[in-house]
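Hello,

Here is the structure we talked about passing on. Please open it first, then read my notes beside it.

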Amino acid sequence: DGCGHTVLGPESGTLASINYPQTSPNSTVCEWEIRVKPGQRIQLKFGDFDIDDSDSCHSSYLRVHNGIGPTRTEIGKYCGFGFQMGGLITSKSNEVTVQFMSGTHTSGRGFLAAYSTTDKSDLITCLDNASHFSEPEFNKYCPAGCVIPFADISGTIPHGYRDSSSLCMAGVHAGVVSNTLGGQINVVISKGIPYYEGSLANNVTSKVGPLSTSLFTFKTSGCYGTLGMESGVIPDAQITASSILEWSDQTGQVNIWKPENARLKRVGPPWAAFISDEHQWLQIDLNKEKRITGIITTGSTLAEYYYYVSAYRILYSDDAQKWTVYREPGMDKDKIFQGNTELYQEVRNNFIPPIIARFFRINPLKWHQKIAMKVELLGCQFSIGRAPKITMPPPPQNKNDDKNDDFSDDFIHSVKTSLQTDKTTFTPEIKNTTVTPSVTKDVALAAVLVPVLVMVFTTLILILVCAWHWRNRKKKTEGTYDLPYWDRAGWWKGMKQFLPTKSAEHEETPVRYSSSEISHLRPREVPTMLQTESAEYAQPLVGGIVGTLHQRSTFKPEEGKEASYADLDPYNSPIQEVYHAYAEPLPITGPEYATPIIMDMSSHPSTPLGVPSVSTFKAAAGNQAPPLVGTYNKLLSRTDSTSSAQALYDTPKGQPGPGAADELVYQVPQSVAHSTGSKDE
């Protein structure tokens with residue numbers, strides 16, 4: 001009479017003293033005999049131990065033995081308040097006896113323990129929760145029997161469970177492990193959420209929970225998608241039933257609750273059986289074999305018709321002829337699934353191991369008023385590696401409508417052992433049991449590559465900007481010319497200097513000279529600096545031009561071969577070797593370019609090379625003609641072998657002294673062949 005919560009599975013289990021975690025009654029005793037497969041050994045782990053030791057373990061104690069029966073040998077005898085068991089107790093064989101004796105005492109919760117075979121090195125108990133572990137991800141083995149009435153969980157999948165929840169009980173709720181078998185769980189810890197939903201699944205009620213610092217989810221194979229009832233992938237013709245409810249309401253309208261109405265979340269009536277007995281069924285043809293991992297059910301979802309199924313069996317087949325009732329491995333009884341407790345809530349049940357079949361049947365065993373339900377199947381496509389199926393004889397067929405007494409007794413016993421719940425809470429929408437996926441290598445690789453690429457591109461941009469500024473600073477330090485106007489328009493236009501440009505032979509962009517940079521030079525430095533960097537047009541070789549150039553003055557030569565200072569020819573013409581020298585430009589109000597005057601030198605005496613040309617400029621009274629500058633103070637003349645003509649500009653006439661720019665005029669040169677004088681223009 002001292003046995004409490006007990007589930008003894010084939011490889012693991014859970015046992016507790018009576019009334020745990022409350023104080024156990026006086027003068028009670030319980031003895032558990034545990035067996036596993038031959039050749040294996042048993043390990044025992046205590047989750048809580050609190051036994052009165054006031055009489056030095058004389059009347060109240062826990063004793064563990066190797067073996068069963070008279071030949072057993074004692075491993076140890078334990079008692080104490082809050083006793084911390086160091087490590088595991090391991091047997092020497094595949095059998096263990098655990099004996100609990102409770103004498104006269106006033107306090108003490110008793111104990112709760114879990115056992116498994118010794119190959120489960122990471123065994124935990126039903127009392128362990130996520131806050132007991134510091135790792136962000138870990139694997140543990142849950143024993144069978146962790147659906148205990150004194151443990152709570154909050155949350156659901158896929159959102160996660162509150163960190164205070166029992167790991168193993170949450171694993172049963174999520175469909176990761178079986179309560180009758182236990183199993184391995186893979187837990188992932190993450191940041192908590194403000195609110196945890198509640199739901200009913202696998203005979204476990206999850207409660208609504210408040211904010212927590214962390215939560216946990218389970219990593220699974222991911223085979224928990226919907227198979228097509230709600231979406232309509234499964235056509236109406238593939239949904240059949242044993243009978244259909246058809247009736248007329250008060251208005252005379254005929255209502256038919258057909259099998260195709262049994263689609264989860266579909267608005268309208270459900271499927272309902274014409275006769276409510278244990279021989280009714282709803283059948284779904286999946287068209288081919290699928291891996292079925294779970295089922296979600298609701299009641300009628302119509303407030304005026306309070307119908308729902310509270311317990312059912314599952315049958316499956318490959319040909320719709322031979323049917324197999326679903327049983328858990330190692331069990332000799334059909335698995336009874338807990339259904340709904342009201343007409344609206346969605347209740348999920350998982351199949352561990354999964355069902356591999358094409359035809360799927362639901363056989364209601366218990367209902368409220370009438371058999372009525374909507375369903376959805378969970379699972380995935382079945383490919384290679386079919387798991388062995390559990391073959392069982394088909395269930396006995398009852399030919400009469402009365403319930404069989406033997407079956408009723410068996411059903412009542414199954415319901416007592418499998419459908420015990422304290423209370424039921426309303427369940428929000430549960431689409432599937434997909435949990436947090438594992439972090440893949442691609443995500444980690446992307447997390448590294450993205451910052452690296454950003455840094456590389458940023459570095460390249462900075463290098464280009466620095467190179468552009470360095471080039472501009474160098475040009476300001478070395479150059480005689482200002483930057484072109486478009487270079488000052490902005491960073492992007494400045495970047496054009498790095499791009500290929502048109503050939504200078506095809507461009508007629510005028511060259512402008514900065515008076516601010518030229519005016520500070522000494523006269524003899526000007527020609528030298530003009531030679532350092534060539535422009536599209538060479539600077540005119542007219543004395544005194546440096547001091548009188550306007551900022552926007554330009555000089556446009558005749559089209560032809562580009563000039564070169566190395567030849568001492570300012571400008572060269574491809575047709576005639578005619579050398580032009582331009583005088584100071586006209587005022588802004590006048591023409592931009594002076595008109596060169598070509599003279600026929602055939603009858604004119606040739607001038608020796610190097611002798612200055614006879615040419616004058618006329619200036620206003622009191623103006624002094626500017627002196628010629630540098631080594632180019634003489635205008636040279638050459639005669640081409642193919643032409644006897646040379647271009648010569650007349651020198652200004654007038655009185656020395658400064659004058660206004662608008663008073664400058666040019667005298668027409670006198671041709672030797674025609675006349676000896678000309679008028680001023």
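**What I found: disulfides**

A disulfide joins cysteine 142 to cysteine 168, with an S to S distance of 2.1 Å. The torsion about this S-S bond is about -90°, so the disulfide is left-handed. Cysteine 142 lies in strand β10 (residues 137–142) and cysteine 168 in helix α1 (residues 167–174), so the link ties together parts that are 26 residues apart in sequence. Cysteine 142 counts as buried, at 1% relative accessibility. Cysteine 168 counts as buried too, at 1% relative accessibility.

Please keep in mind that this is a predicted model. The count comes to five disulfides. I describe two others here.

Cysteine 3 is joined to cysteine 30, with an S to S distance of 1.6 Å. This pair links distant parts of the chain. Cysteine 3 is in strand β1 (residues 3–8) and cysteine 30 is in strand β3 (residues 28–35), 27 residues apart. The torsion about the S-S bond of cysteine 3 and cysteine 30 is about 95°, so this disulfide is right-handed. Is cysteine 3 buried or partly exposed? Its relative accessible area is 38%, so cysteine 3 is partly exposed. Cysteine 30 is buried, with a relative accessible area of 3%.

Cysteine 223 and cysteine 380 also form a disulfide, with sulfur atoms 1.9 Å apart. Cysteine 223 lies in the loop between β16 (214–218) and β17 (225–226), and cysteine 380 lies in strand β27 (residues 372–381), so the pair ties together parts that are 157 residues apart in sequence. The link of cysteine 223 and cysteine 380 is left-handed, with -95° about the S-S bond. Cysteine 223 counts as buried, at 6% relative accessibility. Cysteine 380 counts as partly exposed, at 23%.

How are the bonded cysteines paired when numbered in sequence order? The pairing is 1-2, 3-4, 5-7, 6-8, 9-10.

**Aromatic rings**

The structure holds 20 aromatic pairs. One of them is tryptophan 32 with phenylalanine 111. Their ring centres are 5.6 Å apart and their planes are at 85°, so the pair is edge-to-face. Tryptophan 32 is in strand β3 and phenylalanine 111 is in strand β9 (residues 110–117), 79 residues apart. Both tryptophan 32 and phenylalanine 111 are buried. They belong to one aromatic cluster, formed by Trp32, Phe46, Phe49, Phe100 and Phe111.

Tyrosine 312 and phenylalanine 337 have ring centres 5.8 Å apart and planes at 15°, so this pair is stacked. Tyrosine 312 sits in strand β23 (residues 308–317) and phenylalanine 337 in strand β25 (residues 337–338), 25 residues apart. Tyrosine 312 counts as buried, at 0% relative accessibility. Phenylalanine 337 is buried, with a relative accessible area of 1%.

Two lysines are worth a look as well. Lysine 335 lies over the face of phenylalanine 337, at 5.4 Å from the ring centre. Lysine 77 lies over the face of tyrosine 61, at 4.3 Å from the ring centre.

**The whole chain**

The chain has six helices and 31 strands. Of its 681 residues, 44% are buried. Among contacts with a separation of 6 or more, 77% are between residues 24 or more positions apart. The accessible surface comes to about 36,000 Å². Carbon and sulfur atoms account for 55% of that surface.

Best wishes

Conventions
Residues numbered from 1 in each chain as written. Predicted model: local features only at pLDDT ≥ 70, side-chain atom pairs only at ≥ 80, totals over all residues. Heavy atoms only, no water. Disulfide = S-S within 2.5 Å. Helix = DSSP H or I, 4+ residues; strand = E, 2+ residues; numbered from the N terminus. Buried < 20%, exposed > 50% of the residue type's maximum accessible area, 1.4 Å probe, protein only. Contact = heavy atoms within 4.5 Å. Areas by Shrake-Rupley, 256 points an atom, 1.4 Å probe, with all protein chains shown as cover. Phe/Tyr/Trp six-rings, centres within 6.5 Å; stacked < 30°, edge-to-face > 60°. Lys NZ or Arg CZ within 6 Å of the ring centre and 35° of its normal.
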